[in-house]
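Trainee: Hi! Could you walk me through this one?

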Amino acid sequence: MQREVGTLPLAPALRARLAAAGFQTAQELLDTGPCGLSKEIGISREEALEALQVVRQECQGDAARTAGGSGATRKCTALELLEEEQTQGFIITFCSALDNILGGGVQLTKITEICGAPGVGKTQLCMQLAVDVQIPECFGGVAGEAVFIDTEGSFMVDRVVDIAAACVQHCHLIAEAQQEEDLRKALETFSLENILSHIYYFRCRDYTELLAQVYLLPEFLSEHSKVRLVVIDGIAFPFRHDFEDLSLRTRLLNGLAQQLIIIANDHKSAVVLTNQMTTRIGQSQSTLVPALGESWGHAATVRLILHWDNSQRLATLYKSPSQKESTIAYHITSHGFRDVQPPAVTHSTEGTELNPRKRPRTEEGKQ
Amino acid sequence: MAAKKLRRAQLSQEMCERLSRYQITTCQDFLCLSFLELMKVTGQSYYEVQKLLCKVSQACAPKMQTAYEMKLRKSVNPSSAFLSTTLHSLDRVLHGGVPCGSLTEITSPPGCGKTQFCIMLSVLATLPVSMGGLDGAVIYIDTESAFSAERLIEIAANRFPTYFDSDEKLLCMTRSIHLYRELTCCCVLKRIMSLEEEIISKRVKLIIIDSVASVVRKEFDTKLQGNLAERSNFLTRGASVLKYLAEEFSIPV
């Protein structure tokens with residue numbers, strides 16, 4: 001109630017007039033009433049009423065916050081957070097080594113950034129995640145939908161069809177091996193058409209469309225509340241050319257990062273971004289570093305760098321609050337993202353020869 | 001989309017006039033400002049600015065489509081998804097041929113046959129659909145002056161002797177291949193920008209640029225400071241326009 005007039009979200013002209021008339025706290029405004037207000041500062045009664053309603057709303061919000069209210073507040077104890085984190089699901093990547101170093105998979109409510117040179121597999125991983133997020137809960141997935149925002153145009157529907165078909169087959173094998181009723185029921189809804197219809201695709205051609213789309217995302221996500229993954233493929237591409245004003249670029253990127261953090265938290269979804277690599281020319285050598293500069297590095301919570309080592313693709317966990325830095329190798333097969341070799345300890349349910357995870361070895365040999 | 005005027009974003013007339021006083025006329029200018037600046041410029045309260053932001057965003061945001069719709073659209077016309085190169089092993093590896101709707105890059109050391117490959121693709125594109133072509137015109141942007149029309153006729157006559165049995169057919173084919181000789185980066189970019197209208201008027205089904213690297217390397221010396229940024233600027237701008245053309249008209253580039 002003692003809130004200063006200058007901090008209220010009113011129009012600047014109105015605030016200037018209130019200050020000129022000598023109003024200092026919100027309480028004063030509420031005491032004056034709409035008619036008195038309109039006479040003192042020379043605005044119409046309707047405008048005064050609107051202003052007072054805004055003030056009242058703000059003060060109520062303040063009171064709720066100071067009383068430790070629910071919902072809109074972001075305050076809770078670490079114990080509650082721990083319980084939440086333990087029950088939270090992960091989006092698996094079908095490459096168990098990668099899941100291990102990530103601590104189970106791509107985490108919900110966090111921003112994960114995937115950087116890499118062209119052709120190393122960033123878009124493949126994004127497409128794999130967009131399919132994996134839809135795995136039903138009884139198979140260990142999060143049963144969510146995916147939003148795919150594409151700025152580079154590298155989304156190939158045929159490839160997603162291949163990946164989705166392999167995923168469905170994998171789940172079929174598990175269901176057959178385990179012979180449980182609820183698994184089979186879940187499989188009825190987990191079909192190719194369903195998977196494809198739950199990937200919402202947006203093609204943004206420049207950074208204005210990207211900004212507009214991110215502004216509209218919260219509304220879209222409240223309509224489609226089952227979305228658990230937002231992928232922005234190529235966040236660097238629209239910002240790397242045609243930008244003379246670098247400070248504007250930094251500001252826009254920071255604003256974007258803030259909005260994405262809010263979206264990730266409010267809607268309990270994972271946000272995955274892909275970034276390009278740029279060459280930093282040092283005194284004696286040049287190194288490949290993620291693009292968009294140092295300040296962008298603070299935006300993502302988890303950073304994964306994909307790179308080549310001769311002909312082997314490697315993934316390095318570069319930044320993570322809970323896992324240590326490590327590097328693993330992976331393959332991209334016709335079924336999608338896979339381990340280099342099948343994991344040493346396979347689940348008893350996947351023991352059949354038709355296991356798609358084991359297929360990559362023979363296919364690699366053929367190639 | 002970015003240059004869309006605010007007038008067309010369904011903002012009120014007075015709001016547009018007020019914003020134009022601050023030189024904010026397009027959606028791009030509007031969305032680049034922070035909340036506080038927007039409040040100062042529009043003179044509205046926080047919640048009003050949020051609503052305005054939503055309206056402007058809706059005017060420029062892309063349309064949503066599900067992956068399923070995209071797949072259905074592609075499967076409606078499967079033959080037009082690829083331009084077969086008639087090299088069977090290459091087609092198998094490429095999953096059908098040169099894909100329509102995206103950029104394909106061909107690189108190699110000099111003398112391997114890039115220009116020959118491009119000439120052959122041009123011939124293939126002019127063939128009717130029944131023979132695996134695209135039945136359309138070809139735009140060939142040549143920066144090295146390596147295109148030889150005689151070689152074009154030689155390839156056509158020897159490869160498809162039954163189809164090109166008369167001179168008439170050969171002439172028809174050559175008429176539908178439009179050659180542009182551009183020797184500087186500036187000209188190449190201008191040509192790319194002007195392609196949209198030509199594609200529609202001449203029913204173009206294939207765009208070939210031979211080659212991007214030669215003209216870029218001629219003009220930009222990477223040892224000089226500042227040139228690197230300009231060069232990548234030019235390349236990304238050209239690339240985004242070409243991507244847009246490829247996707248919009250579903251043609252291979």
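**Where the two chains meet**

Mentor: Keep in mind that this is a predicted model.

Trainee: Which parts of chain A touch chain B?

Mentor: Seven elements each supply at least two residues to that side: helices H1 (12-21), H3 (45-66), H7 (157-178), H9 (192-197), H10 (207-223) and H12 (246-266), plus strand E5 (199-203). H10(A) gives the most, with 10 residues.

Trainee: And what kinds of residues are on that side of chain A?

Mentor: By class, there are 24 nonpolar, 6 polar and 13 charged residues.

Trainee: How many salt bridges go across?

Mentor: The rule finds 2 between chain A and chain B. In a salt bridge, the side chain of Arg205(A) meets that of Glu247(B), at 3.0 Å from N to O.

Trainee: How many residues does each chain bring to the contact?

Mentor: Chain A brings 43 residues and chain B brings 42. The area buried between them is about 3,700 Å², and carbon and sulfur atoms give 64% of that. In chain A, the residues that lose the most area to chain B are Tyr201(A), Thr208(A) and Tyr215(A), which together make up 14% of what that side buries.

Trainee: Why quote an area at all?

Mentor: The size of an interface is often given as the accessible area lost when the parts come together.

Trainee: You mentioned E5(A). What does that strand pair with in chain B?

Mentor: E5(A) is joined by 3 bridges to strand E1 (residues 64-66) of chain B, and the two run antiparallel. Tyr200(A) has Thr66(B) as its bridge partner, and Tyr201(A) has Gln65(B).

Trainee: Which strand of chain A is joined to E5(A)?

Mentor: Strand E4 (residues 145-150) of chain A is joined to E5(A) by 5 bridges, and that pair runs parallel. There, Phe148(A) stands opposite Tyr201(A).

Trainee: Is E5(A) buried or exposed?

Mentor: E5(A) is mostly covered, with 5 of its 5 residues buried. Ile199(A), Tyr201(A) and Arg203(A) point one way, while Tyr200(A) and Phe202(A) point the other.

Trainee: Switching topic: what about helix H6 of chain A, residues 122-132?

Mentor: Helix H6(A) is mostly covered too, with 10 of its 11 residues buried. Among the buried ones are Lys122(A), Leu125(A), Cys126(A) and Asp132(A).

Trainee: How many helices and strands does chain A have?

Mentor: Chain A has 13 helices and 13 strands. Of its 367 residues, 50% count as buried.

Trainee: Now chain B. Where is Lys202(B)?

Mentor: Lys202(B) is in helix H11 (residues 195-202) of chain B. Setting aside neighbours within four places in sequence, Lys202(B) is in contact with Ala137(B), His178(B) and Tyr180(B).

Trainee: Why does Lys202(B) count as partly exposed?

Mentor: Lys202(B) counts as partly exposed because its relative accessibility is 31%, and that class lies between the 20% and 50% cut-offs.

Trainee: And Ser12(B)? Where is that found?

Mentor: Ser12(B) is in the segment before helix H1 (13-21) of chain B. Ser12(B) counts as partly exposed, at 37% relative accessibility. Ser12(B) and Val253(B) are 241 residues apart in sequence, and their C-alpha atoms are 42 Å apart in space.

Terms used:
Residues numbered from 1 in each chain as written. Chains lettered and ligands numbered in written order. Predicted model: local features only at pLDDT ≥ 70, side-chain atom pairs only at ≥ 80, totals over all residues. Heavy atoms only, no water. Contact = heavy atoms within 4.5 Å. Buried area = accessible area lost by both parts, 1.4 Å probe. Salt bridge = Lys/Arg side-chain N within 4 Å of Asp/Glu carboxyl O. Helix = DSSP H or I, 4+ residues; strand = E, 2+ residues; numbered from the N terminus. Nonpolar A, V, L, I, M, F, W, Y, C, P; charged D, E, K, R; others polar. Pairing = 2+ DSSP bridges. Buried < 20%, exposed > 50% of the residue type's maximum accessible area, 1.4 Å probe, protein only.
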